[in-house]
Amino acid sequence: MTQSKKLVIGASGFLGSHVTRRLAAEGADVRVMLRSTSSTRGIDDLDVERVYGDIFDDTALRSAMNGCDVIYHCVVDARMWLRDPKPLFRTNVEGLRHVLEAAVAAGPDRFVFTSTTGTLAISDGHPVTEADPHNWDGGGPYIAARVAAEDLVMRYVREKSLPAVAMCISTTYGPGDWAPTPHGSVIARVAAGRFPFYFDFSSEVVGIADAARAMVLAGTHGRVGERYIVSDRYLSSREVHEIAADAAGVRAPRIRLPLRLLYSAARGNDLAARLVHRDLPFAAVGLRMAELMSPLDHGKAERELGWQPEPVENSIRRAAEFFKQRAGGW
């Protein structure tokens, strides 16, 4: 194809805004597809083309994709705490199906899909790679929806020749987390000196700018039908919180919250959510996911995409600084 316009669907989100910023910094001709109600603080300073529409609007999708050689799909509903899981499947699977159908018709050179490390395997014996099949339960409807979404993308690769790649991105940290994300909100509290705790688990983490760079690299170097792990390191919650506190110039969290205590609190939260008929974002299923995560091997992304992440500690520091500058709003 001779087309050179890049489309970012979901550019108002944390990852989508950074993908947009990366593309713009590289001088790409960028179009973003947004809902009219979306906050665009993360991209308001960029000179990019904006089009508006919903991922269920087939006409809007076709119009947005017209003339684009690479499509970045960054729309994710990550609200794992929802009592009713239907919205997770509606956005992450059914909405994605509309996007994939439009992409098949548009014929881009590459379709870059935002997946998650939750679709990967767990292992006690070796760092997990993309070749290890998903082998665990306990992630609830959220993980079920994300696995179904990734499977759907790969089905379109096999059956409809969509040139797609899936990016399995871990927990992201960095500036520009305007919403903020649930893990970002914890860093905000740590940076403000209002969170003296650390959690008794570890997880894979990556800088948001590095995750965005991996997405952009996949647009030109990603092999069709392949998955890529996008993560830097396996860090404990204590390490993450200590790095953030140091960057913000506050005392590091000293009180360990063991998993047993966290599970008790989360189950109480789940019960309260049912009693008050309201979604409360501290669900036991989220802790189960954190407990099960394994160290990952991102060597494939290095070899095939040319991706070299900077130490994630730098991104955690920048996240803490970002939140501290806006401490009055948290």
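**View 1. The largest cavity of the predicted model.** The largest cavity has a volume of about 40 Å³, where a cavity is a set of points on a 1 Å grid over the protein atoms alone at which a 1.4 Å probe fits but cannot get out, and the volume is the space filled by probe spheres set on points joined across faces, edges and corners. One cavity of 30 Å³ or more is counted. This is a predicted model in which local features need pLDDT of at least 70 and side-chain atom pairs count only at pLDDT 80 or more, whereas totals for chains, interfaces and linings use all residues. Residues are numbered from 1 along each chain, and side-chain values use heavy atoms, with hydrogens and water left out.

**View 2. The lining of the largest cavity.** His73, Val75, Val76, Asn92, Leu96, Phe113, Thr114, Arg146 and Ala149 line the largest cavity, each having an atom within 4 Å of a point. Five of the lining residues are nonpolar, three polar and one charged.

**View 3. The largest nonpolar core.** Among the 39 residues of this core, Leu7, Ile9, Met33, Met65, Leu100 and Phe111 touch the most other members; such a core joins buried Ala, Val, Leu, Ile, Met, Phe, Trp, Tyr and Cys residues through side-chain atoms within 4.5 Å, buried meaning under 20% relative accessible area with a 1.4 Å probe, protein chains only. Helix 4 contributes the largest share, ten residues.

**View 4. The surroundings of Met33.** Leaving aside residues up to four places away in sequence, Met33 touches, among others, Leu7, Ile9, Val51, Asp54 and Leu61, contact meaning heavy atoms within 4.5 Å.

Terms used
On a 1 Å grid over the protein atoms alone, a cavity is a set of points where a 1.4 Å probe fits but cannot get out, and a pocket is an open set with protein on both sides within 12 Å along at least five of seven lines; lining residues have an atom within 4 Å of a point. Ala, Val, Leu, Ile, Met, Phe, Trp, Tyr, Cys and Pro count as nonpolar, Asp, Glu, Lys and Arg as charged, and the others, Gly among them, as polar. Buried means under 20% relative accessible area, exposed over 50%, partly exposed in between (1.4 Å probe, protein chains only). Helices (H or I, at least four residues) and strands (E, at least two) are DSSP runs, numbered from the N terminus.
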